[in-house]
Amino acid sequence: MTEDQTHQTSPTAGTDEDRRWAELADLVLIISREIQFRGYTDERAIPLSPSEGMVMRHLQHDHAAPPSRIAAATGLQRTNLSTVLGGLERKGLVERRADPGDGRGVTVHTTEHGRANYALVRREWAAAVSAAADHDTTHLDAALTLLSAMEAGLTSTRPRTRATRPAAQSHP
């Protein structure tokens, strides 16, 4: 087998640019898993599943959202979202209220406890990643700009339905 054939079948086959993007995606997944794995040092922090975290993250910007809007923004199926919201309610982080514009519907709101928990876990995440980078902020703004653009691009091109299999939750 020639060197070209070997590279074409390797997991990092493609152009140098393709390999670098793949490496970035791989690192993002590893970093995300490491942040989740370490948990929290503050005993007041309430751990969240990835789906619960997505909902809480959305509600930080959309303070009174109907479940349909949360589902669309997070990519969660409505049935799964109902389960997630129930868990967040039991933890005292969100509450459902009758929609003032339509008494038949509901809106989801974060509680004061939910907002405080989200702020607490963000401080813990910040401390963990800052320490991991030895507090070097040299490329922090560039990283934030790139990652924000990637998040916006991925979110805006998310398939409306799960026609394809979702990526595995764990990382090899």
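Is Arg44 buried or exposed, and what is its relative accessible area? Arg44 is exposed, with a relative accessible area of 57%; the classes are buried (under 20%), partly exposed (in between) and exposed (over 50%), with a 1.4 Å probe and protein chains only.

The model is predicted, so local features require pLDDT of at least 70 and side-chain atom pairs pLDDT 80 or more, while totals for chains, interfaces and linings use all residues. Residues are numbered from 1 along each chain as its sequence is written, and side-chain values use heavy atoms, without hydrogens and water.

**View 1. Salt bridge between Arg44 and Asp42.** The closest N and O atoms of this pair are 2.6 Å apart. A salt bridge here is a side-chain nitrogen of Lys or Arg within 4 Å of a carboxyl oxygen of Asp or Glu. Asp42 counts as buried, at 18% relative accessibility. The whole structure contains 7 salt bridges.

**View 2. Salt bridge between Lys91 and Glu52.** The N to O distance is 2.8 Å. This pair links distant parts of the chain, 39 residues apart: Lys91 lies in the loop between α5 and β1 (94-99), and Glu52 in helix α3. Helices (H or I, at least four residues) and strands (E, at least two) are DSSP runs, numbered from the N terminus. Lys91 is partly exposed, with a relative accessible area of 30%, whereas Glu52 is buried, at 8%.

**View 3. The largest nonpolar core.** Such a core is a set of buried Ala, Val, Leu, Ile, Met, Phe, Trp, Tyr and Cys residues joined through side-chain atoms within 4.5 Å. Among its 16 residues, Val55, Leu59, Ile70, Leu81 and Leu88 touch the most other members. Two or more residues come from each of α3 (50-59), α4 (67-74) and α5 (78-90), and α5 gives the most, with 4. Beyond neighbours within four places in sequence, the contacts of Val55 (heavy atoms within 4.5 Å) include Ile70, Thr74 and Leu88.

View 4. Thr74 is buried, with a relative accessible area of 9%. Its side chain reaches the backbone oxygen of Ile70 at 2.8 Å. Leaving aside neighbours within four places in sequence, Thr74 is in contact with Met54, Val55, His58 and Arg158.

**View 5. Salt bridge between Glu95 and Arg97.** The side chains meet at 2.5 Å, N to O. Glu95 is partly exposed, with a relative accessible area of 31%, and Arg97 is also partly exposed, at 38%.

Technical notes: Polar contact = N/O pair within 3.5 Å; in protein donor to acceptor, adjacent residues only side chain to side chain.
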